[in-house]
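This briefing covers selected side-chain features of one protein chain. Please look through the sequence and the structure before reading on.

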Amino acid sequence: MKAIAVFPGKPNSMHLAELPKPALDAVPDGRGVLVRLLRCGVDGTDKEINAAEYGNAPAGYDFLVTGHENFGQVEAVGPNVTEFRPGNYVVATVRRPGGSLYDRIGTYDMTTDNEYFERGINLRHGFLTEYYVDDPEYIVKIPDGLRDVAVIVEPLSVPEKGILQAYEIQRRLRVWRPRKAAVLGAGTIGLLATMILRLRGLDVTTFGRTSKPYLNSDLIEALDARYLTTQDAPLREAAPAYGPFDIIYEATGFSPLVFEAMEVLGKNGVLVLASVTGGHRRIEVPADKINLDFVLGNKVMVGTVNGNREHFEAAVRDLALAAAEYPGWAARLLTHPVQGLERHQQLMETLSTAKGAIKVFMEIAPLDAAERKAG
């Protein structure tokens, strides 16, 4: 079968590879689930892997099949699988367990191992291919009514985890009723975080760099949230008017803004950091004031990365709720489809250069053909 792969360590090595079609018995005890891929989204992670910034091949291979934002349809199941049947739509989680205590209890996204396993990212083949086989533990069922937007379940699981963690942390307060939130960044993750917080009933102000109107600002305002550009309303200046912020979700990739967010976070507030930043940027901060305000205001800052099954299931629930509350909103995120695995160069070019792209994704097999097969 065809797959899109890279040679880890070699920049711009994305190519079309061949793999044998996986067999159900690759998973022991009759628990295999064979899934045909329908769509796979790509993001900055895929771009960085193709640039050889990170990523390693699985044992026995000199290449890594990329792609982690998956959506597919069950084609066959092993004799001991009761959770799925052929025709079900599904999404697979990305992280796979290592050896730490956290891995062994199912929170493999919180591993303390130095080596981690992620499909399409590190040491495990991904989903830019025709089929995969996996254990039901790592597969989440998608209602038929969400099939058109299900490829965003994986990216949605990222802010789901961060926001769920914020609420979990604040159980320490016995009563915590956040009213106002700020989302820093209006890209895909920022849009999805805004959606989650609005579904929870919070007053949300989302900050971006681009002046409105444009698609992202339109999408934010369609959620009855507020869009501000940091060029016109820097965070420090906007906070007195629109805060105090009980939750700040940071997804800009611009680390200096983290310290600005620490300054404007409200008392008993939670700052969730979701950006993965490289480089060696340095800034000067009012350290004493930030420290004092965090201590006297019982504030929390927490980092979050990846998600486990719980967060994927939360993403499915919120997609369903959003479909009822904001009909058609999620579909507007799917801005740039690319047809067919053979067009891997077009996929990366679109990801790198397309103006106004929110979600670039590959259509590996047509949804209507999948529907006919299921019927």
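Where is Asp 109 found? Asp 109 is in the loop between helix 2 and strand 8. The model is a predicted one. The points below start with this loop and then turn to aromatic rings elsewhere in the chain.

**Asp 109 and its contacts**

- Asp 109 has a relative accessibility of 5%, so this residue counts as buried, the limit being under 20%.
- The side chain of Asp 109 makes a polar contact of 2.7 Å with the side chain of Lys 161.
- The Asp 109 side chain is also joined to the side chain of Asn 308, by a polar contact of 2.9 Å.

- Ile 105 is placed in the loop between helix 2 and strand 8.
- Ile 105 has a relative accessible area of 58%, and it is therefore classed as exposed, a term for values over 50%.
- A nonpolar patch on the surface is formed by Leu 101, Tyr 102, Ile 105 and Met 110. Together these residues have about 400 Å² of accessible area.

**Aromatic pairs**

- The model has six aromatic pairs.
- One of them joins Tyr 108 and Tyr 138 edge-to-face, with 5.9 Å between the ring centres and 70 degrees between the planes.
- Tyr 108 belongs to the loop between helix 2 (101-104) and strand 8 (117-119), while Tyr 138 belongs to the loop between strand 10 (131-134) and strand 11 (139-142). The pair therefore ties together parts that are 30 residues apart in sequence.
- Tyr 108 is buried at 2% relative accessibility, and Tyr 138 is buried with a relative accessible area of 15%.
- Tyr 214 and Tyr 227 also form an edge-to-face pair, at 5.9 Å centre to centre and with 70 degrees between the planes.
- Tyr 214 lies in the loop between strand 13 (203-208) and helix 5 (215-222), and Tyr 227 lies in strand 14 (residues 226-229). This pair links distant parts of the chain, 13 residues apart.
- Tyr 214 is partly exposed, at 22% relative accessible area, whereas Tyr 227 is buried, at 4%.

**Charges over rings**

- Lys 21 has its charged end over the ring of Tyr 131, at 4.3 Å from the ring centre.
- Arg 200 has its charged end over the ring of Tyr 167, at 4.2 Å from the ring centre.

Key:
Residues are numbered from 1 along each chain as its sequence is written. This is a predicted model: local features need pLDDT of at least 70, side-chain atom pairs count only at pLDDT 80 or more; totals for chains, interfaces and linings use all residues. Side-chain values use heavy atoms; hydrogens and water are left out. Rings of Phe, Tyr and Trp (its six-membered ring) pair if their centres lie within 6.5 Å; planes under 30 degrees apart count as stacked, over 60 as edge-to-face and the rest as tilted. Helices (H or I, at least four residues) and strands (E, at least two) are DSSP runs, numbered from the N terminus. Buried means under 20% relative accessible area, exposed over 50%, partly exposed in between (1.4 Å probe, protein chains only). A charge sits over a ring if NZ of Lys or CZ of Arg is within 6 Å of the ring centre and within 35 degrees of the ring normal. Patches are made of residues with over 30% relative accessible area and no salt bridge: like charges are joined within 9 Å, nonpolar side chains (Val, Leu, Ile, Met, Phe, Trp, Tyr) within 5 Å. Accessible areas come from the Shrake-Rupley method with a 1.4 Å probe; for residues, only the protein chains shown count as cover. A salt bridge is a side-chain nitrogen of Lys or Arg within 4 Å of a carboxyl oxygen of Asp or Glu. A polar contact is a pair of N or O atoms within 3.5 Å; within protein, one must be able to donate a hydrogen and the other to accept it, and residues adjacent in sequence count only if both atoms are side-chain atoms.
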